[in-house]
Amino acid sequence: MPQYLLFFCVAILFLGCSTQESEQKKVTTHLTHDISTKAFSHPVHLTNDQEDLFILGRSFFHIPWVEAPSATTARDGLGPLFSANTCVSCHPNNSAGRLYTKEKALERSLVIRLASSYQKDLRYNEGFRIEPTYGGQLSVNGTSDVAYEGNIVVEWTKHKGHFADGEDYTLHSAKYKLTNLQYGALQEGANVAPRLALPLVGLGLLEEVSEEEILKYEDINDRDGDGISGKANRVFSPEHNKTMLGRFAYKATAVDIKHQSANAAHNDMGLSNPLYPSENCTSKQKECNEALKGRHEFDLPQERLDAIALYLRSMKAPAPRENEAFKEGREIFKSLGCAKCHRESFKTQNAKIIYPYSDLLLHDMGSELADGHSDFLASANEFRTTPLWGLGLREKLTGSLNLLHDGRAHSIEEAILWHGGEASSTKNAYRHLEKTQREMLLAFLEGL
Amino acid sequence: MQSKKILLGSLAAALALSLGVSGCGSSSSSDDTNDVPTDNSGDSSSNKTTVLRTYATIAEKNYEDALADALALQSAIDAFVADPTEATFSAAKEAWLLSRESYGTTEVFRLSAGPIDAEEGWVLDMYGAPEGQMNAWPLDENMIDYTIDADGNTTSGNIIDTAGTFTPNSGEAVDTTSLTKSTLAALNENGGEANVASGYHAIEFLLWGQDQDYDSFYADTVTNGATTAGERPLTDFTSAANADRRKAYLSAAAELLVEDLQTVTDAWQSESTNCSTGVGCYRAALLGELSGTDTDKNIAPDDALKTIFGGMGRFVKSELANERMAIAVLLPSEEDEHSCFSDNTHRDIETNYRGFVNVIKGEYKGASVGAGFYEYVDADTKAELDTYITSIDSRVAAIDAATETEHFDYQIKSGSSHRQNIVNAKNTMRDLGDAMVDVAANYGISLSEDDVTDPDETQI
């Protein structure tokens with residue numbers, strides 16, 4: 001259809017027909033040139049029915065959910081245990097979360113995944129075994145009669161290093177600890193894995209990429225010997241009731257946008273939904289289990305979950321802001337080997353060429369970045385290549401810049417320098433660049 | 001009460017019909033021909049100034065009317081507060097409904113960096129963007145006064161029943177010992193957009209109370225009927241607990257509303273210009289008439305038109321079609337209709353839309369004011385606009401007429417024979433919003449669909 005329209009417009013252009021303007025406007029584009037704080041919030045052209053769902057999804061994404069029961073019958077069901085009461089609290093302007101509030105308190109957009117010390121004999125539909133008392137994620141809030149689970153504190157350590165040309169740099173690492181645990185001690189040996197909310201950029205376009213297209217780059221045993229493996233995660237989809245290719249979240253544990261949205265609604269906000277039908281209480285949390293429920297079968301019923309997924313799926317991706325330094329930086333990016341994992345482009349099933357700079361595959365990122373958390377095929381050291389589109393806009397949209405899964409990196413350069421594992425040699429190549437070349441590479445990343 | 005509402009409804013329908021008819025026929029009224037310069041293109045600087053002048057004149061007339069009607073509302077509220085009887089109560093509600101007629105058409109001036117809601121720069125500094133204090137919506141009525149929830153329980157812990165310190169949800173504490181306009185200003189949107197304490201809709205809630213039609217998207221069963229609005233008892237202002245606080249609240253809210261409306265009306269005034277007091281300053285800046293130290297406030301015609309065209313598109317598409325109609329009809333949820341306490345939403349829709357048509361056509365109250373934006377667009381764009389306007393005219397009139405048997409909160413329900421009309425109306429309003437891209441092109445101004453779509457529409 002878009003191609004057909006394009007031909008139509010070209011034809012009109014030659015004929016000098018006066019309806020050229022209005023026809024051109026309807027040609028679908030999946031990029032926005034807006035670089036304001038709304039850069040991640042522009043939908044593609046939608047039909048009326050899609051636009052209806054879109055605005056519903058947006059309202060559910062933004063409204064504060066309230067404790068059940070409430071006079072606001074349409075929006076109750078928060079918790080009983082939860083981190084935040086709106087989606088947007090962790091995704092300001094559809095961007096990534098930040099570590100600190102303006103008042104310097106730890107933000108809710110940093111959550112803690114918890115896993116049992118015993119991870120053997122997992123069932124086919126279990127990515128990891130949850131911590132027996134607190135469950136799969138720590139909730140820092142609870143409703144009126146239900147105690148929150150605990151608080152998170154972070155300790156920072158500085159690490160000095162230097163580039164090959166002698167210039168010094170400082171890296172930061174964060175150690176997250178739990179305090180004020182309200183339901184007793186954590187299981188001995190339980191794993192604590194911090195996760196900062198990811199930006200919601202170009203998700204619909206990534207969903208349009210076919211499985212075959214992603215698997216083309218899979219190279220689990222590094223047969224081509226380039227030092228880069230690349231492994232697809234295979235995860236259980238509660239919606240489709242089968243194991244599928246994972247493509248979203250830090251460990252590629254969500255098969256699609258709806259899966260990830262439902263998971264976040266359940267774990268971050270305590271909203272039961274068709275994919276995660278229970279409240280997020282463990283059997284050891286009496287008050288949580290006995291708390292008053294919402295009036296309805298699900299706090300977030302199917303049509304609302306679908307609406308949220310459509311809302312996120314509809315967003316345009318930001319167009320890169322290309323200048324001379326950007327172009328030179330892109331060449332350096334490729335020659336260093338960054339693009340081996342941060343794959344430049346995909347052709348989607350709708351024949352769009354997109355530039356997410358990710359292969360959506362898992363890679364070993366080394367022991368320094370490892371979080372100890374395994375999930376389906378993703379091991380403790382492995383993370384999905386984070387897409388880089390929108391990277392240069394994130395600080396503006398989020399209000400601060402915290403990169404990597406635990407937010408430890410305060411700048412793009414710091415994030416590069418934390419790369420390890422399969423990316424060690426590429427990282428070292430970056431360390432050996434001349435300053436002007438490093439600056440061009442950063443200009444490229446800032447322009448995404 | 002019932003008979004008056006029906007009378008008002010049919011009068012309004014008749015008005016809408018006559019406006020609609022004159023609107024359709026006036027594509028090139030002979031009255032205007034003398035004013036039209038020989039250059040008939042939008043992309044000429046004199047024509048740009050001409051259409052901006054018409055826009056400013058409509059704003060001036062409309063805000064003057066809105067202010068006069070708000071003053072009448074304030075008088076009616078003062079009379080009610082001094083002597084609360086069924087007669088004064090009813091008169092106050094009548095005055096509120098009338099005040100919404102003239103205010104509704106001013107809303108097209110929003111989202112255009114003007115005095116009502118500029119988000120930055122000297123216009124914000126000078127006029128303070130009072131829109132949120134005047135017309136914020138939707139509001140959490142639980143914050144203002146008691147409500148009855150879906151299980152029949154009376155809620156408490158609100159501004160009215162808290163004579164001491166009140167802390168809005170996720171907000172900061174405010175001393176509510178006495179309810180004055182500064183108390184309400186401090187409470188409004190304190191802690192979140194839904195924490196509305198002032199403006200038309202706060203007054204509406206105090207006059208009508210809840211319109212308990214919980215029979216919405218979710219299955220609950222409290223409903224008072226298809227043609228019944230809120231029915232707050234008079235005793236809330238006489239013998240009930242906190243009657244005096246309710247009266248004080250009403251007086252303070254009316255006073256604040258008039259004050260804010262005065263500020264905006266002054267900004268558009270053409271009689272004199274004073275950028276120290278703000279009087280006439282915005283109008284003069286928009287028309288590029290400021291001189292001396294104020295010269296740098298002048299807004300270049302292309303910038304002004306770009307902002308206004310984008311703002312109009314966002315208003316009719318994102319605000320009216322989406323936030324005020326689509327959300328309500330899609331959920332469907334009475335909590336998301338605009339004037340949900342008084343059941344006046346059909347008039348909000350008509351007047352908001354009429355305000356848009358006014359500035360497109362250079363009209364006010366059915367009479368020509370001057371060359372509107374419509375004047376210098378090509379035949380294709382005109383035909384496009386006419387098609388949408390003709391269609392929406394009849395659909396909006398139909399929403400209005402249907403209130404005889406079903407108020408808007410029942411028309412949006414699935415199963416209502418009137419629902420599809422609302423769906424079609426909002427769909428065509430979206431097209432009308434998108435058409436501003438074409439209007440802008442006629443003035444040599446480049447807009448995209450992104451510019452006429454507000455990614456940050458008011459959230460419910």
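Me: pLDDT is the predictor's confidence in each residue, from 0 to 100; over which residues of chain B does it stay under 50, with 19 contacts beyond four places in sequence?

Reply: Those are residues 215-220 of chain B, where a contact is two residues whose C-beta atoms, placed from the backbone, lie within 7 Å. This is a predicted model, in which local features need pLDDT of at least 70, side-chain atom pairs count only at pLDDT 80 or more, and totals for chains, interfaces and linings use all residues. Residues are numbered from 1 along each chain as its sequence is written, while chains are lettered from A and ligands numbered from 1 in the order in which they are written.

Me: What is the average pLDDT of chain B?

Reply: Chain B averages 87, and 87% of the residues score at least 70. Over residues 1-37 of chain B, however, the pLDDT is below 50, although this stretch has 43 contacts in the model beyond near neighbours in sequence. Where pLDDT is low, the predicted coordinates should not be read in detail.

Me: Why are H3(B) and H11(B) called oblique to each other?

Reply: Helix H3 (residues 86-106) of chain B and helix H11 (residues 345-361) of chain B pack at an angle of about 45 degrees; angles under 35 count as roughly parallel, over 145 as roughly antiparallel, 65 to 115 as roughly perpendicular and the rest as oblique, so these two helices are oblique.

Me: What makes A:Asp76 buried?

Reply: A:Asp76, in the loop between helix H3 (48-62) and strand E2 (81-82) of chain A, has 21 other C-beta atoms within 10 Å. A residue with 20 or more is buried, with 12 or fewer exposed, and in between partly exposed, so A:Asp76 counts as buried.

Notes
Axes fitted to C-alpha atoms, helices over the stretch in contact; angles between N-to-C directions. Helix = DSSP H or I, 4+ residues; strand = E, 2+ residues; numbered from the N terminus.
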